[in-house]
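Hello,

Here is the structure for your files. Please open it first, then read the notes below.

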Amino acid sequence: MANVTDLQTKYSKLAQEYSKLRAQNQVLKKGVVDEQANSASFKEQLKQRDQSLRKQEQEMDSLSFRNQQLAKRVELLQEELASKADSPSQHGLETQSVFDEDLQKKIEENERLHIQFYEADEQHRRQEAELMTRLQELEKESEQHQAVVDGLTAKYMETIGRLQSDKARLEVKAQTLEREAKECRMRTEECQQQLRRCQSELNRQVKQSSSVIQEKVPFNDTKFGDYNSLNVPPHNRRHQLKARDLSGQALSFIQDLVAALLNFHSYTEQRVHIYPLDSSIELISPLNQKFSQYLHENAAYVRPLEDSCLQLHQSITEDTVTVLETVVKLKSFADNFSSYTHFLQKILPYQLKSLEEECDTPLCTAALTAKNQELQSDMKRVTSVFEKLQSYIYLLALPSVRQDAMPQSSTSAVFTQLAACLHSLHDAIKEMSKHYNQKAGLEQDLPTITQKLCTTTECLLGSLGSLTSSTGKIATFFSNNLDFFTSSGYSPRGSTVPLNPLQAESMLANKKKAAAYIHAIKKARPQSVPYKEALSNRRILTSSTESREGLTQQVHQSQEKIARLEQEKEHWLLEAQLGKVRLEKENQRIADLETQLAAALGGSPYSQPAAASTLAQSHEETEKEQKPAGRETTLCTSLVGMLCTTPTVEHMGDEESREQLIKTHYMARVGELTTQLQISDSKAVHFHSECRALAKRLAIAEKSRETLTEEVKLANQNITRLQDELATTKRSYEDQLSMMSDHLCSMNETLSKQREEIDTLKLGSKGNAKKNKGR
């Protein structure tokens with residue numbers, strides 16, 4: 001829409017520019033034709049001048065030829081005279097005189113001809129210079145006209161190119177709009193189908209609701225006004241929030257007004273003590289004393305305005321129903337405003353008399369007296385405006401006290417008059433502030449003015465400025481929100497009777513009970529799993545149970561095998577330790593036997609092998625002797641492949657070493673089990689934290705699901721709104737397409753006319769250029 005509007009404005013501007021250029025083209029064409037006519041006339045004059053110049057040149061040639069003939073003849077005559085000079089005679093003298101006269105005539109004629117020739121030459125040169133100058137001027141003008149024509153031609157060609165490009169772009173735009181229009185038609189059909197479905201669904205719901213109402217509702221209390229007034233009206237949360245916001249703004253404005261009034265009355269009291277008599281030096285008049293006493297009590301009348309307005313603001317909450325019948329705190333504000341108005345009426349005579357005393361002072365000038373009289377009229381006007389405000393505020397507070405105190409139709413008129421009265425108050429205080437400023441300027445010129453009075457006057461003027469600003473803000477605020485104040489607000493469905501205070505109180509109690517009942521019966525729905533997901537989970541659970549049982553059996557078997565291997569490992573470790581001990585003992589015994597043998601043989605080195613062999617034989621014999629004696633031998637194979645035979649009798653001597661080895665082994669085993677227990681505890685803590693994280697993620701997913709549901713609702717609402725906008729856009733596009741087609745037709749006609757005019761101008765300019773070249 002915005003692009004089409006821009007194109008329309010652009011084409012309107014182009015059409016205006018084209019009409020201007022066309023008018024300028026007509027003027028330029030007329031100028032070119034006039035210049036061509038002037039150029040033709042100048043060329044004709046130049047041709048005539050050339051012809052006269054040629055004639056004069058021919059005459060000059062003939063004169064020069066005759067001059068040459070005369071010169072030759074004079075030479076001949078001089079020669080003859082020179083030849084005849086020797087024989088002078090009478091006849092010669094006569095002839096000489098004739099020749100002299102003839103010569104004199106020829107000389108005079110020659111001089112005259114020379115003069116004529118010189119004048120003609122000068123005139124010819126002058127005319128030639130004038131004609132050349134004129135020709136140069138004409139050529140310059142012709143070049144300028146040609147440049148203008150070329151510029152206009154280029155401009156026209158550029159305009160034509162731009163218009164052609166705009167035309168192409170508009171054609172593309174028109175095609176795009178046609179496609180969009182087709183898409184809009186398709187969407188419109190879909191929307192119409194959805195609308196028909198929605199209408200059928202709504203009709204079904206209406207029928208179902210009507211049947212439910214007829215079957216299930218035995219008593220319809222909306223038919224009776226008294227019963228219907230007790231029904232809870234539809235809660236307009238936006239209306240309540242707006243009322244809460246406006247009451248807060250009004251409270252801030254009232255606070256500013258209260259502060260300004262307190263300052264105004266306090267500084268007025270200070271001024272009464274300073275002017276016209278200073279109470280620190282001499283006693284002031286009884287009138288001003290009484291006036292000062294009354295002004296000193298201003299806080300008792302002004303402060304309750306702020307307190308009652310604060311209570312009114314606190315009584316308006318989001319859960320209440322705010323209408324004139326339910327705003328009970330407005331009555332206390334009206335009472336406090338009435339008491340302040342009575343206070344103003346009480347101090348008004350004292351204000352007027354105090355100003356009269358200022359006028360009676362000896363130094364009071366006529367201008368100052370006039371300003372005091374204007375201030376008296378301003379104070380009367382302000383007091384009367386406050387009285388009007390009191391009446392309107394009291395009228396607005398009546399519906400919360402007594403039913404049918406004010407007709408509902410009169411509410412809007414009261415609010416309107418209240419807004420006008422607030423503007424009147426602002427104007428009156430503004431006038432009073434202006435007159436006080438003028439009065440302060442006049443008092444500056446008095447000789448008895450003191451610094452204390454100047455300071456008090458400045459503070460008084462500041463308070464008046466604050467009072468003017470606050471009243472202006474209140475008047476503007478009330479006028480801007482007058483539509484909200486005069487709106488109907490709340491009322492039960494189907495009821496035109498306003499609420500009375502008792503019904504409003506009962507209605508609010510019923511509303512609280514209904515909210516508590518709904519909150520009590522509202523329970524969260526249990527979470528459920530979809531059927532398909534439950535089936536898939538059951539299959540997974542069954543398969544995992546079967547696999548878990550198989551894995552459990554494998555684990556038990558593996559644990560049993562590991563326990564058996566551990567027992568074997570412990571047994572073989574003990575055997576290895578015992579074998580090592582036996583080996584050490586045997587080595588010790590062999591060493592002892594070798595030392596004993598060496599001592600017995602007397603320490604001969606050559607006898608040691610024999611002794612060793614003898615010792616070995618004796619050892620073998622001893623073993624042979626032990627075997628028949630019935631002693632048992634044990635075969636011990638260690639992990640390193642050691643093989644030894646030890647008698648079981650030696651096992652009894654190794655109980656302490658065996659006990660120590662067993663204790664060491666079991667302590668190591670206890671350490672390993674402790675490590676495994678710690679690892680299991682850490683895994684359990686890890687799984688617990690992971691479960692908590694999964695629970696949090698589940699809660700977050702639930703919240704996101706709720707938000708997505710709300711977004712789906714909003715998207716459906718946006719779809720409905722976009723369908724409406726689509727219908728309006730479709731209608732506007734169709735109108736714009738028809739307008740654009742008409743505009744394109746008119747533009748094609750103007751382009752064809754413009755091309756014809758440019759072609760004619762080109763042909764005319766080419767013809768003129770050819771004529772100029774031929775000349």
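Leu422 is buried, with a relative accessible area of 11%. Buried here means under 20% relative accessible area, exposed means over 50%, and partly exposed is in between (1.4 Å probe, protein chains only). Leu422 sits in helix α9. Helices (H or I, at least four residues) and strands (E, at least two) are DSSP runs, numbered from the N terminus. Leu422 touches Leu389, Ile474, Ala475 and Phe478, not counting residues up to four places away in sequence. A contact means heavy atoms within 4.5 Å. Leu389 is 33 residues from Leu422 along the chain, and their C-alpha atoms are separated by 7.6 Å.

Before the rest, a word on the source. This is a predicted model, in which local features need pLDDT of at least 70 and side-chain atom pairs count only at pLDDT 80 or more, while totals for chains, interfaces and linings use all residues. Residues are numbered from 1 along each chain as its sequence is written, and side-chain values use heavy atoms, with hydrogens and water left out.

Overall picture

The secondary structure comes to 15 helices and 2 strands. Of the 775 residues in the protein, 25% are buried. Among contacts with a separation of 6 or more, 84% are between residues 24 or more positions apart. The protein exposes about 52,800 Å², and carbon and sulfur atoms supply 55% of that area. Accessible areas come from the Shrake-Rupley method with a 1.4 Å probe; for residues, only the protein chains shown count as cover.

Helices α5 and α7

Two packed helices are described by the angle between their axes and the distance between the axes. The axes of α5 (residues 286-296) and α7 (residues 329-360) come within 10 Å and cross at roughly 145°. Axes are lines fitted to C-alpha atoms, for helices over the stretch in contact, and angles run from 0 to 180 degrees between N-to-C directions. The crossing of α5 and α7 is left-handed. That term applies if the near helix is turned anticlockwise from the far one by less than a right angle; clockwise would be right-handed. On the α5 side, the contact is made by Leu287, Asn288, Lys290, Phe291, Tyr294 and Leu295. On the α7 side, the residues include Phe343, Ile347, Tyr350 and Glu357.

His265 belongs to helix α4 (residues 237-274). His265 counts as buried, at 2% relative accessibility. Leaving aside neighbours within four places in sequence, His265 is in contact with Leu295, Asn298, Val302, Tyr340, Phe343, Leu344 and Ile347.

Salt bridges

How many salt bridges are there? The count comes to 16. The rule asks for a side-chain nitrogen of Lys or Arg within 4 Å of a carboxyl oxygen of Asp or Glu.

- Glu122 and Arg125 meet in a salt bridge at 4.0 Å, N to O. They are 3 residues apart in helix α2 (residues 90-216), so about one helical turn separates them. Glu122 is partly exposed, with a relative accessible area of 28%.
- Glu443 pairs with Lys439 in a salt bridge, the closest N and O atoms being 4.0 Å apart. They are 4 residues apart in helix α9 (residues 411-443), so about one helical turn lies between them. Glu443 counts as buried at 2% relative accessibility. Lys439 is buried, with a relative accessible area of 1%.
- Glu586 forms a salt bridge with Arg589, with the closest N and O atoms 2.9 Å apart. They are 3 residues apart in helix α13 (residues 531-600), so the separation is about one helical turn. Arg589 is partly exposed, with a relative accessible area of 38%.

Salt bridges that share partners also join Arg271, Glu358, Lys439 and Glu443 into one network.

Surface patch

Tyr517, Ile518 and Ile521 form a nonpolar patch on the surface, with about 320 Å² of accessible area together. Patches are made of residues with over 30% relative accessible area and no salt bridge: like charges are joined within 9 Å, nonpolar side chains (Val, Leu, Ile, Met, Phe, Trp, Tyr) within 5 Å. Ile518 lies in helix α12 (residues 501-521). At 46% relative accessibility, Ile518 counts as partly exposed.

Best wishes
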